[in-house]
Amino acid sequence: MSPNDLAVSCRGVKKHFGEGEARIEALRGVDFSAGFGELSFLVGPSGCGKTTLISVIAGLLRRSGGELGVLGVSMEDLSEKERIAFRRRNLGFVFQQYNLLPALTAAENVAVPLLAAGVARKEAVEKSRALLARLGLEKRAMALPATLSGGQQQRVALARALIHGPRLVVCDEPTAALDHANGEAVMKLLADNAVQPDRAVIIVTHDSRVFHFAHSIARMDDGRIVDVRRNGGGNHSGSSDGEAVKEAS
């Protein structure tokens with residue numbers, strides 16, 4: 001891909017935590033890219049650096065070295081205020097900790113990014129309810145998070161990440177708490193969001209059931225990308241695309 005086709009470009013990205021004898025090298029010179037119009041998967045054993053990498057890409061952690069471009073912008077060139085504004089406009093996050101606000105209903109939680117952007121409350125909640133309905137949560141839109149199952153909370157968190165139409169969505173195990181049918185629905189929604197010329201989705205997952213959605217699968221180990229396989233342009237029919245998926249898993 002040319003640089004103009006890339007939503008994310010990492011070159012030699014490093015990240016360490018601590019200093020001296022307590023120093024931990026989480027990322028050891030990562031080369032990774034995610035194309036516009038694609039779902040890019042990150043797979044690999046627990047503790048290999050996947051979550052650290054997407055946190056650096058999302059601007060939640062600052063890298064220790066290397067080069068990083070996100071949507072054509074170098075995050076290090078932005079002030080903290082500019083980074084927050086950039087994330088709010090352009091990025092959506094789905095992390096394993098759902099971080100739903102306990103005093104707000106499901107629909108109100110989903111509406112938060114729209115409200116932060118200045119959308120009127122009534123309009124924001126209506127849009128939220130419509131998106132929750134696509135995820136099978138129409139009857140739970142007015143429920144508080146404490147009354148929702150883990151899988152339902154995960155779908156609410158996904159809806160919140162997508163509601164404002166972000167150009168880049170970053171997900172950490174978005175199907176981990178879901179059964180097959182709901183996992184497929186979540187992945188279909190992510191696929192529909194990603195397959196647009198100015199958007200991309202990066203997914204960290206151990207769930208081999210959804211590998212057929214990937215356009216590319218990058219395998220990490222010990223803080224590095226060790227293998228990248230193209231996956232036939234993404235397959236939403238439910239049948240995996242052969243060797244690329246088998247070898248990545």
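User: Is N99 buried or exposed?
Analyst: N99 counts as exposed, because its relative accessibility is 57%. The cut-offs are these: buried is under 20% relative accessible area, exposed is over 50%, and partly exposed is in between, with a 1.4 Å probe and protein chains only. This is a predicted model, where local features need pLDDT of at least 70, side-chain atom pairs count only at pLDDT 80 or more, and totals for chains, interfaces and linings use all residues. Residues are numbered from 1 along each chain as its sequence is written, and side-chain values use heavy atoms, with hydrogens and water left out.

User: OK. Where is N99 found?
Analyst: N99 is in the loop between strand 6 and helix 3. Helices (H or I, at least four residues) and strands (E, at least two) are DSSP runs, numbered from the N terminus.

User: And what is the phi of N99?
Analyst: Phi of N99 is positive, near 55°, and N99 is not a glycine. Most residues other than glycine have a negative phi.

User: What follows helix 1?
Analyst: G59 follows helix 1, and the phi of G59 is positive, near 80°.

User: New topic. How many cavities of 30 Å³ or more does the structure hold?
Analyst: The structure holds 1 cavity of 30 Å³ or more. The largest cavity has about 40 Å³ of space. On a 1 Å grid over the protein atoms alone, a cavity is a set of points where a 1.4 Å probe fits but cannot get out; a pocket is an open set with protein on both sides within 12 Å along at least five of seven lines; lining residues have an atom within 4 Å of a point. Grid points are joined across faces, edges and corners, and a volume is the space filled by probe spheres set on the points.

User: Which residues line the largest cavity?
Analyst: V56, G59, L61, R62, R63, L68, M75, E76 and R83 line the largest cavity. By class, that lining has 4 nonpolar, 1 polar and 4 charged residues. Ala, Val, Leu, Ile, Met, Phe, Trp, Tyr, Cys and Pro count as nonpolar, Asp, Glu, Lys and Arg as charged, and the others, Gly among them, as polar.

User: What volume does the largest pocket have?
Analyst: The largest pocket has a volume of about 570 Å³. It is lined by 23 residues, and L91, F93, V112, P113 and R160 are the closest to its centre. The lining divides into 14 nonpolar, 5 polar and 4 charged residues.

User: Which elements supply at least two residues of that lining?
Analyst: Helix 2 (80-90), strand 6 (91-94), helix 3 (106-116) and helix 5 (150-162) each do.

User: How do helix 3 and helix 5 pack?
Analyst: Their axes are 7 Å apart, and the angle is about 30°. Axes are lines fitted to C-alpha atoms, for helices over the stretch in contact, and angles run from 0 to 180 degrees between N-to-C directions. Helix 3 and helix 5 are therefore roughly parallel. Angles under 35 degrees count as roughly parallel, over 145 as roughly antiparallel, 65 to 115 as roughly perpendicular and the rest as oblique.

User: And at what angle do helix 3 and helix 4 cross?
Analyst: They cross at roughly 120°, and their axes come within 8 Å. Helix 3 and helix 4 are therefore oblique to each other.

User: Where is K122, and is K122 buried or exposed?
Analyst: K122 lies in helix 4, which covers residues 121-134. K122 counts as exposed, because its relative accessibility is 64%.

User: What about E126?
Analyst: E126 is also in helix 4. E126 is partly exposed, with a relative accessible area of 48%. The C-alpha atoms of E126 and A111 are 8.7 Å apart, and the two residues are 15 apart along the chain.
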